[in-house]
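This report covers a sheet and the aromatic contacts of one structure. The sequence and the model are shown first.

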Amino acid sequence: ISSRPELASFFQFGNGISGNPLTQLDGGVAIRQDEVGDVIYFSRVLQGPIFLTPGAQVEAETVFSIINPSDEQIQIEARYFRTTGVNDFNPSVRVIPPRGAIRETFPELFGNTPPLMDGYVQVQLLQGSQVTGFQLIRLPDSVFGLNAFQPGQVNTIYSAQLANGGSPGAFSFTNLNLVNTSNQLLEVTITAVDENGVIINVPQIVALNPNASLQRDASEFFGLGLPSSAAVRTGSIIVEADQPGLVGDVIFGDPVNFDTAAAMQLQSQTFSEAFFSQVANNNLIFTGLAIFNPSSSETAQVTIQVFDMEGNLAGETLLELGPENRISQVLAQLVAEAANQVGGYIRLQSNVPIVAQELFGNNGLTFLSAVPPQADTP
């Protein structure tokens with residue numbers, strides 16, 4: 001946990017220990033002091049044999065790390081909510097020592113359960129002042145990592161990632177998940193736009209009851225066709241509510257075997273400057289960036305700077321992103337000098353607040369990892 005917003009840090013986790021090939025990878029960023037509180041949300045539950053995309057069944061396990069960052073003992077109560085907002089199963093109460101943590105699967109927290117592919121977990125303090133957390137979702141060939149959310153504080157959240165369909169060997173899916181953390185009914189408008197800011201199909205309008213959630217595959221939501229056979233469509237997602245309270249995430253990647261898949265929080269914070277604290281490019285691995293300009297009227301002038309491990313500027317690029325435009329490329333295409341760089345960091349600057357995400361993968365596409373930016377307010 002960092003108390004200084006200018007300290008950028010992230011971690012990655014996966015397999016590949018003791019000489020085995022790396023086939024599972026995902027990442028997260030350091031949790032800032034202003035991101036801890038007395039209630040947190042784990043936005044997604046995948047447990048047991050589930051259908052993550054239409055017609056593709058996979059075995060999943062969700063593990064929750066609940067962390068006490070304070071110097072005093074805390075007591076927490078965990079509750080699982082179905083999509084309807086109904087609290088299901090008996091609540092789970094745990095005591096966590098100062099600076100301690102617990103790490104439990106969904107069945108360990110709530111007992112034996114049927115297969116679950118939706119809903120979320122709320123963790124609330126019964127004693128103490130601070131709690132935070134991280135959730136890990138395991139599939140046979142992938143892992144997903146998501147930091148815990150605090151209650152939603154804004155009306156609009158974004159994903160710089162939307163991909164559906166493709167060609168044999170390169171199909172993609174995007175699964176959208178939303179949680180209403182407020183005690184109010186929210187009217188939510190969900191809009192998909194392509195790379196050039198053109199609306200894809202008709203924006204979807206849904207009503208989310210207090211404590212309710214929604215999980216839907218983008219192919220179904222926006223009429224894009226089955227992700228394992230449709231023509232490719234890419235772009236971004238804009239989620240707008242009539243009141244604050246929404247949080248959410250996306251899972252994206254290969255829709256059949258899920259061997260190249262990753263998870264990313266929907267971003268509630270646009271930024272004028274942000275950092276990604278790792279670069280990894282060589283003949284085996286790549287770093288990519290997706291950048292989205294959510295403004296409906298202003299063109300963004302975006303500067304991408306890549307620094308080496310000593311803090312020296314390796315290269316930079318200036319690009320223009322029109323209103324609601326997006327660009328998604330490997331870093332070597334955006335900044336040629338970074339083509340063979342391993343180590344260092346990336347700085348993004350923009351005259352118009354933007355959202356962005358970083359991706360790591362290998363050239364054989366056996367793993368994919370998504371990392372959000374670390375940024376101050378616009």
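## Basis and terms

Strands are DSSP runs of E with at least two residues, numbered from the N terminus, and two strands pair if DSSP finds at least two bridges between them. This is a predicted model, in which local features need pLDDT of at least 70 and side-chain atom pairs count only at pLDDT 80 or more, while totals for chains, interfaces and linings use all residues. Residues are numbered from 1 along each chain as its sequence is written, and side-chain values use heavy atoms, with hydrogens and water left out.

## Sheet

Four strands form an open sheet in the order β3-β9-β6-β7, with antiparallel pairing. Its edge strands, β3 (39–42) and β7 (87–96), each pair on one side only.

Within this sheet, β6 (residues 74–81) and β9 (residues 120–127) are joined in the antiparallel sense by 7 bridges. Tyr 80 stands opposite Val 121 in β9.

## Aromatic pairs

The whole structure contains 13 aromatic pairs. Rings of Phe, Tyr and Trp (its six-membered ring) pair if their centres lie within 6.5 Å; planes under 30 degrees apart count as stacked, over 60 as edge-to-face and the rest as tilted. The ring centres of Phe 42 and Phe 64 are 5.0 Å apart and their planes meet at 55°, so this pair is tilted. Phe 42 lies in strand β3 and Phe 64 in strand β5 (residues 56–67), 22 residues apart, and the pair thus links distant parts of the chain. Phe 42 and Phe 64 are both buried (under 20% relative accessible area, 1.4 Å probe, protein chains only).

Ring pairs link Phe 42 and Phe 64 with Tyr 80, Phe 89, Phe 106 and Phe 110 in a cluster.

Definitions and conventions. Buried < 20%, exposed > 50% of the residue type's maximum accessible area, 1.4 Å probe, protein only.
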